[in-house]
Amino acid sequence: MHPAFLYLPGARLSLSELSAARLDGHVIELGEGYIPADLVEVPELRARAVAPLIPAGTAASGPTAAWIHAGGVPPPARHHVNRTTAQRLRLDTDRRVFFHDRRLETGDTCLLSGTAVTTPVRTMVDLLLGAGRTPSFLPWADLLADALPEAVAPAAREIESLHRVPGRRQALAALRGLGLRRT
C-alpha cells in the first residue's frame with residue numbers, strides 16, 4: 001500500500017480541505033485519516049490509518065487489531081495497545097487509546113505498513129479471554145473468525161493449553177459459540 005493513498009489531516013491537506021473532499025465524495029474516512037473513495041480497504045491501509053495512535057514500543061491489539069485484520073465495520077471507538085518492549089512504559093496516550101501493560105512476545109506481533117499489530121491468532125486469544133470481562137470483545141472475535149477462519153483452530157489450541165488463566169472457561173464457551181454462529 002503506497003502511503004500517498006492515505007491523507008492524514010495536516011500533512012498534505014488540512015482537515016477542512018479533507019472534509020470538503022469528503023462532502024464531495026472524493027475521499028472517505030478511515031481511522032485517523034482519509035482515503036480515496038474508490039480505494040479497496042486492506043489490512044495494511046487500516047494499520048497505517050491508526051498508526052498515529054499507536055505509541056512507540058506498543059502494538060495494536062484487541063478490537064483494534066481485529067479491525068485491522070478483518071475490517072468491514074467502523075474502527076473501535078477506543079483503540080487498544082499492548083507493550084512490546086521489556087521495560088515498562090510511562091505513556092501519555094490519547095484518551096481514545098487503552099494501554100495494556102502486559103508484554104507481548106515477539107512471535108505475537110507482525111508489522112503491517114510499519115505498524116506493529118498482534119497476529120490474528122494472538123488477537124483471537126486476547127479477545128476470547130477478555131470477553132468474560134468485556135462482552136463487547138465477542139463481536140470483534142466473531143468478525144475476525146469470519147474474515148480469517150484459519151485463526152480459530154490455533155487460538156482454540158492455545159486457550160486449551162492454558163491453565164489457571166482468568167477467563168479461560170468463558171473463552172472456551174465463546175469459542176464453541178463462534179462455531180455455532182458460523183454454521
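Here are some friendly notes on the helix packing, the core and a few loop residues of this predicted model.

1. **Ground rules.** Residues are numbered from 1 along each chain as its sequence is written, and side-chain values use heavy atoms, with hydrogens and water left out. Since the model is predicted, local features need pLDDT of at least 70 and side-chain atom pairs count only at pLDDT 80 or more, while totals for chains, interfaces and linings use all residues. Helices (H or I, at least four residues) and strands (E, at least two) are DSSP runs, numbered from the N terminus.

2. **Helix 4 against helix 5.** The axes of helix 4 (residues 120-130) and helix 5 (residues 137-147) come within 8 Å and cross at roughly 150 degrees. Axes here are lines fitted to C-alpha atoms, for helices over the stretch in contact, with angles from 0 to 180 degrees between N-to-C directions. The two helices are therefore roughly antiparallel (under 35 degrees counts as roughly parallel, over 145 as roughly antiparallel, 65 to 115 as roughly perpendicular and the rest as oblique). Helix 4 passes helix 5 in a left-handed crossing, the term for a near helix turned anticlockwise from the far one by less than a right angle, with clockwise being right-handed.

3. **Who touches whom there.** Helix 4 brings Pro120, Thr123, Met124, Asp126, Leu127, Leu128 and Gly130 to this contact, and helix 5 brings Phe137, Leu138, Trp140, Ala141, Leu144 and Ala145 (contact means heavy atoms within 4.5 Å). By class, 10 of these residues are nonpolar, two polar and one charged. Ala, Val, Leu, Ile, Met, Phe, Trp, Tyr, Cys and Pro count as nonpolar, Asp, Glu, Lys and Arg as charged, and the others, Gly among them, as polar.

4. **How covered is helix 4?** Nine of the 11 residues of helix 4 are buried, among them Arg122 and Asp126. Buried means under 20% relative accessible area, exposed over 50%, and partly exposed in between (1.4 Å probe, protein chains only).

5. **Helix 3 against helix 5.** The axes of helix 3 and helix 5 come within 9 Å and cross at roughly 25 degrees, which makes the pair roughly parallel. In this contact, Pro63, Ala66, Trp67, His69 and Ala70 of helix 3 meet Phe137, Trp140, Leu143, Leu144 and Ala147 of helix 5. Nine of the residues are nonpolar, one is polar and none is charged.

6. **The core.** The largest nonpolar core has 40 residues, and Ile68, Val117, Met124, Leu127 and Leu128 touch the most other members. Such a core is a set of buried Ala, Val, Leu, Ile, Met, Phe, Trp, Tyr and Cys residues joined through side-chain atoms within 4.5 Å. Helix 3, helix 4 and helix 5 are among the elements that give two or more residues to this core.

7. **Two buried loop residues.** Pro76 sits in the loop between helix 3 (62-70) and strand 4 (79-83) and is buried at 10% relative accessible area. Beyond its neighbours within four places in sequence, Pro76 contacts Pro63, Thr64, Trp67 and Trp140. Thr119, in the loop between strand 7 (115-118) and helix 4, is buried at 16%.

8. **Two backbone angles to look at.** Most residues other than glycine have a negative phi. Ser113, in the loop between strand 6 (109-112) and strand 7, has a positive phi near 55 degrees and is partly exposed at 22%. Arg164, in the loop between helix 6 and helix 7, also has a positive phi, of about 55 degrees, and is exposed at 86%.
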